[in-house]
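Hi everyone, thanks for coming.

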Amino acid sequence: MKLSTFQIYYTIFVFIALAAFEHIIIGLFPPLFPYIAEDLSINVGNLGFISGMNILVTAISSIYWGYLSGKHKRKRLIIIGTLIWVGSIFLTAISRSFVELLFYQILTGIGLGCMASIGFSVLTDYIPYRKRGLILSLWGMAQGLGGIVGSMMASLTTTSSGWRWSFELVGMIGLALIFLYVFITEPNRGASDPELNEMESSNQTYDYVIEAKHLKAILLKGSNVYLYFQALFMNIATGSLIWIPTLYTYKIIQQGYDMDTAVIASGFLYAIFQIGGMASVYLGHLGDRVQRKSFKGRAYITAFFVFFTLPLYICFFAIPMTNLSLPNDGSAVDIVVSLIQQIFLNPWVALLFLLSFVASAFQSANTPNWLALITDVNLPEHRGTAFSIANLFNSIGRTIGNVAVGIILGIIGTQFTEPHNYIITLCVLQLFLIPSAICYVKMANNNVTDIKHVKRTLTKRGNK
């Protein structure tokens, strides 16, 4: 393998790992809520607010990072951002009050903002046009796996070492990532677009950069507007899903188990029940195939999968964990072995696994195809900013979904106890998948217009 080819694959690997790591941090926090709340004497609902603020600040800061990525060297920016979030993660581990925890998580969000926007910008310059959905599915899948790993880390380390150790461990891994950045190779902008192949072969560089006057056109572009609102509605629904481990915890406690056993088991169940998300690789590839036949294809097929995610998740939340059998005071290994056995021996758990597999598989179609569309409809120098703006709507949705769980729980909690209040709350928030699917259907015509405009513009610039 030539060195240049190795550097390309190495850089893609590092940025996919970055996507996973961002979501390890996001997934780490919610399972720790009961322990942090008890240690710092904070209401669990207030911790939901802190988590939501972290997500929101990450999204807002990513717009500025995305704008910088269209003007400056991205390698230097990613190192600066990583230093910010690593430092604030260590500070989070020594928090002693609600105010300190909130402040340090806001700082973490500022640092994390660079990872998504700059990572996306670099990847889209490396990925061949015909494989955007496929490769970006790996980026999206890494985010999902990161959330699972974060949840499992919390479950495995907290019961034995306390919640602070989880953040310290993540901070130490983050320091190691900075070393990996030294060897990444930054691509030329537009290197993956076929319309610029002639420019690349003649060793010319695509030197167009974003300017402030371009922001209005990026904001108001037809496809982008629908992608913004699709992300908002989608993430109100999926943002609430970070409370699934808490739902599992109360379902397991309802079966007579103690808190420690329930927390460990819920972390593993959350990981096991998200396995269907690996289908995103195929569904991203499927999006590539239908998009080659029609520029409307990717939007239509993703709308189908998003819409049918709704009834699957509602059924999944409602089914009880009847006859669950776990070892009391058992080790984490004993518990996970028992849970896997339950999938084959307990029909209720088997049904839960089947529903979760199909639901998470259908949901996984969204990320790679959404990422591919926002790449297709924007010029290379605009992609980091366009993604960051869309990601703001993405994160506003997640924040609303996260905070809405606490609000709806407070209302429903007057009539229902755990776990029924969580079941009803999560079911209500999945209704936002309906307008999310409608946005895909409505954007299809805009996709045709905007993709053709990008291709014409790049062809003209490549021929100069």
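Predicted model: local features only at pLDDT ≥ 70, side-chain atom pairs only at ≥ 80, totals over all residues.

Okay, the surface first. There's a nonpolar patch out there, made of Phe304, Phe307, Phe308, Val428, Leu431, Ile434 and Ile438, and together they show about 590 Å² of accessible area. Two elements give two or more residues to that patch: helix 14, which is 297-318, and helix 20, which is 433-462. Helix 14 supplies the largest share, three residues.

Next up, helix 16, residues 347-364. With 18 residues, helix 16 spans 25 Å from first C-alpha to last, close to the 26 Å expected at 1.5 Å a residue. At its start, a side-chain oxygen of Asn346 comes to within 3.0 Å of the backbone nitrogen of Trp348. Which residues of helix 16 are buried? They are Val349, Leu352, Leu355, Ser356, Ala359, Ser360, Ala361 and Ser364. An α-helix has 3.6 residues a turn, so residues three or four places apart point the same way. And what do the buried residues of helix 16 pack against? Helix 13, helix 14, helix 15 and helix 17.

Last stop: Ile12, over in helix 1. Ile12 counts as buried because its relative accessibility is 14%. Leaving out residues up to four places away in sequence, Ile12 touches Leu123 and Tyr126. The C-alpha atoms of Ile12 and Ile135 are 9.3 Å apart, though 123 residues separate the two along the chain.

Definitions and conventions. Residues numbered from 1 in each chain as written. Heavy atoms only, no water. Patch = residues over 30% accessible without salt bridge, like charges linked within 9 Å, V, L, I, M, F, W, Y side chains within 5 Å. Areas by Shrake-Rupley, 256 points an atom, 1.4 Å probe, with all protein chains shown as cover. Salt bridge = Lys/Arg side-chain N within 4 Å of Asp/Glu carboxyl O. Helix = DSSP H or I, 4+ residues; strand = E, 2+ residues; numbered from the N terminus. Expected span 1.5 Å × (residues − 1). Buried < 20%, exposed > 50% of the residue type's maximum accessible area, 1.4 Å probe, protein only. Contact = heavy atoms within 4.5 Å. Polar contact = N/O pair within 3.5 Å; in protein donor to acceptor, adjacent residues only side chain to side chain.
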